[in-house]
Amino acid sequence: MSTHVGAAFASGPADAAGGLDPAARSGYADHPPRMGFFTDTSVCIGCKACEVACKEWNAVPEDGLELTGMSYDNTGSLSASTWRHVAFVEQISRPGEARWLMSSDVCKHCTEAGCLDVCPTGALMRTEFGTVVVQDDVCNGCGYCVSACPFGVIGRRETDGGAHKCTLCYDRIGDGLTPACAKACPTESIQFGPLDELRERAQARLDDLHEAGVDDARLYLNDPADGVGGAGAFFLLLDEPEVYGLPPDPVVTTRDLPRMWRHVAAAAGALAAAALLSGLGRRP
Amino acid sequence: MTATENRRHQARGEELMVPQAEFRSYYGLPVIKEPVWGVRDVAGYLFFGGLAGASSALAASAELSGRHELARVAKTAAAGAIGLSALALVHDLGRPARFHHMLRVFKPTSPMSVGSWLLTAYGPAAGVAAASAVTGLLPGVGRAATVAAAVTGPGVAAYTAALLADTAVPAWHDAHPELPYLFVSSAATAAGGLGLMLARTEQAAPARNLAMAGAAAEITVRSRMFQRLGPGAEPYQSGRAGRLLDAAEMLTVGGLTAAAIGGRNRVLAAVAGAALVASSALTRFGVFYAGRASARDPKYTITPQKDRIRAASPPRAQDLPAGRHGAGLSPLPPPRDRAQDHPGPQPENDQIDDHLPGDHQPGHVGGRGDVTEPDGGEHGDGEVQRVGVVHRLAEVAGRDAGQHEIRAGEQQQEQRDRDA
C-alpha cells in the first residue's frame, strides 16, 4: 500500500522522466528503460491490422464473429480474447460537417495498476520493462482484476477460466523486437519505445496539432500526476476520452484502500463490541 | 450530451428519460467490465460469511454469560455458514482446482488475499468450536477455538465490504465509507435473527439484543449512505437492486418491531428472527446487484469523473462543450518525420514514405490508397461526403450527434433490462 500513498503525488506533475518508476518499485534493481505505447489516434485509419497482428502473434482465440450494427466496430471492446480494439466514432455536428474518429485501444500498463494490486495469487506481475502481465500458470480465475480495472481492459476467458490481457508482447520486447500491433500499424498510429521518448514525441505532435488549429487534440494518460500515475500506454485523442469509451478521469481504486481498511477495522471492532455487550444484563 | 445540446433539447419540450444526462459515451457501451462473479456464489457468500462471523462473536458472548444452548446454536450456524461460503468461493473461481493459489502470497493491497488468510484462520476455528460444542469432546480446545473464532469472525464479516469497494465498480467503490458498517450491521442482524429463531426464549436475550442493534444500525447506515451518495445512490434505489433493498428494509423494520414487542413470545420471536435473517440476505443481494447495474451503465462511470474534472479546474477552451467538431474537416498536419527517432532501424517505413505519392494515381485500386497517407490532405473531405447521407437522415430525424449517442445508450440499456 505504501506504493500508493507516496509523496510523489503531492509534488504535482512530474516531468516526462520524473514519474514513478514501477519496475524499480517492484524490486528490479537494474532494469531496462520503461517501455510503452503512444497511440496517436489522429493518424489511425481504422484498418484493424493491430487487432489481427495481436491475435496472430499471441495466439488469442476467436471471440465471436457477430456484427454489432452500430458502426464498423464489430469488436466492441477489449476483453480476455481481444487485446487491441479499434473504436469507430461517427460524429455529425452541423449540416455538411462530419468526422470519423478511430482509435486503437489497448491495456494501459498503468504505473499504479489496480489489477496488479488486487490480484490475490500474485499471477499478475510487473515486468522489468514496467509493464503488467498475467502469469497464466498461476492465475486461478478469481476475477478480481476484472472488477478492479478502471478501463475495462482485462477479462476472464470462458474457455479456460483464466484472466488474460495485453502483455505488451513481453516475449517480443525481451528479444528487442517491436510488439506485433505496433509492427503491423501502417500509419505509425501505434508507436512503441521507451516511455520518456514517447512522451516527448507525443508533446511535439500535440504542439503541431494545436498550431494547426486542431484545438480538440489532447494527450490522455501521459501525466504521471493523474489517477493511475500515468500509463505505459497513452494516447493522443481528438475529443473527450469518454467519446472513445475511455474513462475521463480514472483513479486507481487502491488509492482509497488504506481508508477502507480503517473503516473495516472500526466496523469489525464495533461488531465485536456489540456482540460482547449483547450478553450482558440479566443472566438466565 | 453537452450542456448546450441539453438546453436545446429541453427547449423543444422533449422529456428526458434521464434528467441532466450530461455525458457522452461510446455507443452507450460500458466503460468498465461488469463483475464476473456469480450472484449465487458471491452475493451468497456475503450473506453466509457475515452470518458466520457475527454468529461466532455471538457464541462467545453467550458462552461467557452461561447461555450454552444459544452458544451451541450460534457455533453450529457459524460452522455451517462458513462451510457453505468456502464451497461457494471455490465454485466461483474460473479454475477451482487452483483455489490454494490464494495462499501463495499475502498482499494487503488485495482484500481478497487478506480475506483468504482470514478465512484460513477463521474457518477451522469455527469448525472446531462447533464440533466440540455439539459432541462435548475436548472442552478446552473448544473454548480456545470459540475465542479464536470470535476474534477473527468480525473481521470476516467486515472485510467483504473492502472486497467490493476496492474495485472500479462505481456503486461499490463510492460507498466505501459506509459499506463496512452496513455489512457488519447486516451480519449482526442475521446472526441475532438466527439465534432468535433457533434458541429457547430464556436463552435468546443476547441474540435479540444483537439482532435489534444490528437492524437499527443497518437502517441508520443505509439512509446515511444514500444521503451522502446523492445521485450516486441511484443504482441502489432502482431496478432489481432497488426492489431487493426496499424489501430488505421492510423486513428489517418489521423484524425489529416484532423482536422489540414480542421477543419473549416463542412464535413471534421465531417470526421476527426469520424476517431479520431474510432481510440480511436481501441486503447483500441488493448491494451486489447495485454494483452490477452501475458497472453496466456508462453514466455511473463517466458522470462523476466529469464532475470531478469540472470541480478541479476552470474549463479550458478544449473542454468546452461546443468543441470544434469540424476539426476533422481541416487537414491534420502530418506527423514529423520520425525515421531517426526510432529505437531501431525500420527500413519498411522509409519505403512506405517513398511510395505513397504513387498511390494517388487515378485508377489505383479503389482509390483508397490515399487513406493510408499520413498527411491526410484531401481524404478528410472524402469522409465527409461518405457520411453525408447519414447526416441528412439524422437531420430529418431532428437529432444531432450528441443526442444520437445518448439515445443509442438508452436503447441498449432498455434492451439489457428486458433481457435481464
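**Figure 1. Contact between chain A and chain B.** In this predicted model, 88 residues of chain A are in contact with 101 residues of chain B. Several elements of chain A give two or more residues to the side that touches chain B. Among them are strands S2 (84-94), S3 (97-106) and S6 (155-156). Helices H3 (114-118), H4 (144-148), H7 (195-211) and H8 of chain A also belong to this list. H8(A) gives the most, with 15 residues. By class, the side of chain A that touches chain B has 43 nonpolar, 26 polar and 19 charged residues.

**Figure 2. Helix H8 of chain A against helix H2 of chain B.** Two packed helices are described by the angle between their axes and the distance between the axes. The crossing is right-handed. From H8(A) come A:Leu271, A:Ala272, A:Ala275, A:Leu276 and A:Ser278. They meet B:Ala54, B:Ala57, B:Leu58 and B:Ser61 in H2(B). By class, this contact has seven nonpolar, two polar and no charged residues.

**Figure 3. The hairpin of strands S2 and S3 in chain A.** S2(A) and S3(A) run antiparallel, joined by 10 bridges. A:Phe88 stands opposite A:Met102 in S3(A). Two residues lie between the strands of the hairpin. A:Gly96 takes a positive phi near 80° in this hairpin. S3(A) is mostly covered, with eight of its 10 residues buried. Both strands also give two or more residues to the side of chain A that touches chain B.

Methods:
Residues numbered from 1 in each chain as written. Chains lettered and ligands numbered in written order. Predicted model: local features only at pLDDT ≥ 70, side-chain atom pairs only at ≥ 80, totals over all residues. Axes fitted to C-alpha atoms, helices over the stretch in contact; angles between N-to-C directions. Helix = DSSP H or I, 4+ residues; strand = E, 2+ residues; numbered from the N terminus. Left-handed = near helix turned anticlockwise from the far one by under 90°. Contact = placed C-beta atoms within 7 Å. Nonpolar A, V, L, I, M, F, W, Y, C, P; charged D, E, K, R; others polar. Buried ≥ 20, exposed ≤ 12 C-beta atoms within 10 Å, placed from the backbone. Pairing = 2+ DSSP bridges.
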